[in-house]
Amino acid sequence: MVDPISAAGSSSTPVVSFEGVEKRYGKLAALDRVDLEVPAGAVMGLIGPNGAGKTTSMLLMSSLLSRDAGSVRILGNDPEKDPRSVRKVIGYMPDFFGFYDTLNVSEYLDFFAATHGIKPHARPGVVADLLALVDLEGKADADVNTLSRGMKQRLSLARALVHDPQLLILDEPASGLDPRARVQLRELIAELARLGKTVVISSHILAELEGICTHMAVVDHGKVKAHGTLEEIRTTLVANKRVTVRVPDSQVDATEDALSGQPEVTEMAVERGVVRFLLNGDDAVSARLLGQIVGGGIEISEWRVDSAGLEELFLQITEERRE
Amino acid sequence: MILNPVLGREIKERFRTRRAPWFFFAWVLAMACFVYLIYLLAQFVAREQFGLGRLVATGFMGRFMFELTSLLLVTAVMLVVPGLAALSVVGERERQTLSLLQVTQLSPLQLILGKLMSSLSYLLLLLVAVAPAVALPLLFGGITFGDLVGALAIVIGFAVVVGALSVWLSARARSSRGAVAGAYLGSLLLGVFAFAIMTAEIFLFAPDRGGLFGNGGRELYSTWINPYLAVVSAVDHPLTIRQDGIPRPFSPLETIVYRREGVRLSPQGWVEGIPPGGVTIQDGQQLVKEKRGPLWIRTLIVYGAISVLAILRAARIIRVPAKRPISLVRSRRATA
């Protein structure tokens with residue numbers, strides 16, 4: 001098991017803090033001693049397969065679910081003991097829409113503004129601003145049923161923002177969206193991050209998160225397998241890098257001999273003029289190996305080190321436990 | 001006063017559905033037809049009893065129409081309110097909006113009260129729409145404005161308790177079908193099955209206690225929950241209403257109400273009020289007036305208590321954080 005690493009750059013009080021959080025549904029441990037911190041201004045991606053505990057974590061943050069053990073703090077408040085304070089500072093967008101058929105777009109937002117205690121005279125301005133933010137100004141009077149899925153998703157996001165929360169909790173927001181709608185949503189989340197919102201976002205679509213998130217937590221079987229900035233996870237947790245070495249055909253055997261004795265080198269494969277292997281080490285190890293081979297008189301035409309992508313990291317981290 | 005947001009939204013929703021105007025039209029038409037039939041029936045009974053003396057009979061007709069209309073309104077509440085309130089919470093759950101409301105600044109109690117008020121305000125509108133028909137007996141005489149207010153107070157009290165029970169059952173229910181069935185069961189329990197409970201109570205407790213009514217009799221507790229008896233109790237005064245043998249809609253109910261309150265019919269068919277301290281009747285037996293308040297007051301107190309309990313329980317059910325996530329019942333809409 002990989003120990004969680006702390007998030008970088010979290011000098012101030014974290015917006016979300018989980019300490020040893022446990023949640024069980026009967027015999028199933030939905031969350032098992034989870035430690036997690038989301039620093040202010042971060043866009044934290046919660047990644048994990050189905051049933052990993054992502055939604056349970058979000059329900060705990062949203063004050064909808066009680067925990068069995070541990071501590072949860074949202075901007076210093078306990079969602080169980082002081083849910084109303086927490087609800088003032090969070091905007092929750094679940095993985096479903098939840099619309100009223102008979103209300104149009106602006107009435108829908110107006111209603112949720114009212115439920116958050118925004119005064120009647122202030123609500124039209126709030127609704128107009130939100131519609132502009134999510135690019136639905138032209139749909140203010142439209143029936144929600146006539147909106148596309150992407151528009152509905154943006155309307156849901158506007159609903160979550162109606163009381164100007166500091167923390168946004170978005171459960172699978174990109175689910176079911178077409179590529180164009182995903183790009184729009186990604187831009188919108190980036191804009192919210194620029195506005196200073198802290199965002200916690202879950203998804204299966206890893207490539208989507210890679211472009212948005214500043215931090216990531218990989219959740220699997222109720223445990224946080226990795227937690228930190230993307231670079232921290234890459235460098236600290238997953239040292240294996242795929243290295244491709246291109247040499248003259250006549251020097252392939254010599255290259256293989258030079259590398260085979262190195263403890264950091266595994267899974268070596270040799271083709272005509274190309275040697276591929278996994279390097280278990282950082283850039284310094286890579287440089288040392290390169291120096292040794294060049295020093296042995298081998299003429300290298302290419303030395304390429306590929307870091308693992310988010311998808312690969314995710315598979316590596318979640319596979320590790322299954323093994 | 002700031003309008004409960006849930007109430008405001010529900011009012012919009014109720015009147016925007018396609019069937020809303022049709023339902024409203026059907027309601028007014030049905031009530032008008034019923035009141036007209038009641039008028040014809042009252043006219044027939046009056047003619048049978050008073051012959052050509054129709055002027056003398058108008059007071060009786062007014063009373064007859066008022067009594068039957070009051071009972072009709074109670075029946076209407078029993079049938080309409082569960083339909084209005086039963087889907088209130090389970091409907092939010094099925095369209096997946098309940099959790100969205102739970103993370104707002106609305107308290108569970110505000111949410112439940114909004115739901116209840118929206119159902120009752122709709123009923124109030126239905127009552128206002130048929131008010132001219134309901135008030136028609138005033139033109140004939142035989143009743144006072146106070147009688148009308150008393151009957152409406154019981155009707156509204158009954159609507160509140162049925163609404164509160166329906167909202168509570170809606171909060172408990174896993175499906176809309178279960179919520180509707182439960183709400184109608186609760187409503188019928190108070191309105192109809194209460195008579196069966198009364199019968200059972202009489203047979204179980206009365207024989208060995210010196211008779212159920214009057215001297216030495218025990219209280220018939222099951223009468224406390226029945227709205228029909230409460231209406232009779234609220235608009236009749238046992239010492240002023242003559243029992244002259246002419247059948248009226250209240251007649252069968254009056255027997256229970258009067259006797260429960262320690263009043264009995266004289267052999268001549270007149271109501272005998274029993275003064276404090278009792279009276280001596282023919283066989284020398286002392287008939288003592290029970291120290292019992294009017295039935296309708298007890299009914300309203302019981303309804304009030306049930307309503308408060310139901311509202312608080314419903315609020316507790318939807319309170320979060322919960323131990324388990326809200327189980328989202330599959331609805332046609334959700335699975336579509």
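Contact here means heavy atoms within 4.5 Å. In this predicted model, A:Leu157 touches A:Met93, A:Leu168, A:Leu170, A:Leu185, A:Leu188 and A:Leu192, when residues up to four places away in sequence are not counted.

**Nonpolar cores**

A:Leu157 is also, together with A:Leu155, A:Ile201 and B:Phe158, one of the residues with the most contacts inside the largest nonpolar core, which has 127 residues. Helix α3 of chain B, spanning residues 54–85, contributes the largest share of this core, 17 residues.

**A buried aspartate**

A:Asp78 is placed in the loop of chain A between β4 (69–74) and α2 (83–89), and it counts as buried because its relative accessibility is 7%, where the cut-off is under 20%. Its side chain makes polar contacts with the side chains of two arginines, as tabulated below.

| Side chain | Partner side chain | Polar contact |
|---|---|---|
| A:Asp78 | A:Arg67 | 2.8 Å |
| A:Asp78 | A:Arg73 | 3.4 Å |

In chain A, four strands form an open sheet in the order β11-β12-β10-β13, and their pairing is antiparallel. Because β11 and β13 (302–306) of chain A each have a single partner strand, they stand at the edges, and one side of each is left without a neighbour in the sheet. Neighbouring strands are turned against each other by 15° on average, direction ignored. Strand β10 of chain A (residues 240–246) runs antiparallel to β13(A) and is joined to it by five bridges; within this pairing, A:Val245 has A:Trp303 as its bridge partner in β13(A).

Helix α9(A) packs on the sheet, where it touches β11 and β12 of chain A, and its direction makes about 175° with that of β11(A). Within α9 of chain A (residues 252–260), A:Val252, A:Thr255 and A:Leu259 are buried; these residues lie on the same side of α9(A) because they cover an arc of only 60° around the axis. A:Asp253 and A:Asp257, by contrast, are exposed on the other side of α9(A). The cover over the buried residues of α9(A) includes β11 (265–271), β12 (274–280) and α10 (283–295) of chain A. Helix α10(A) itself lies across β10, β11, β12 and β13 of chain A, and runs at about 160° to β13(A).

Note on methods
Residues numbered from 1 in each chain as written. Chains lettered and ligands numbered in written order. Predicted model: local features only at pLDDT ≥ 70, side-chain atom pairs only at ≥ 80, totals over all residues. Heavy atoms only, no water. Helix = DSSP H or I, 4+ residues; strand = E, 2+ residues; numbered from the N terminus. Buried < 20%, exposed > 50% of the residue type's maximum accessible area, 1.4 Å probe, protein only. Polar contact = N/O pair within 3.5 Å; in protein donor to acceptor, adjacent residues only side chain to side chain. Core = buried A, V, L, I, M, F, W, Y, C linked by side-chain atoms within 4.5 Å. Arc of directions from axis to C-beta. Pairing = 2+ DSSP bridges. Axes fitted to C-alpha atoms, helices over the stretch in contact; angles between N-to-C directions.
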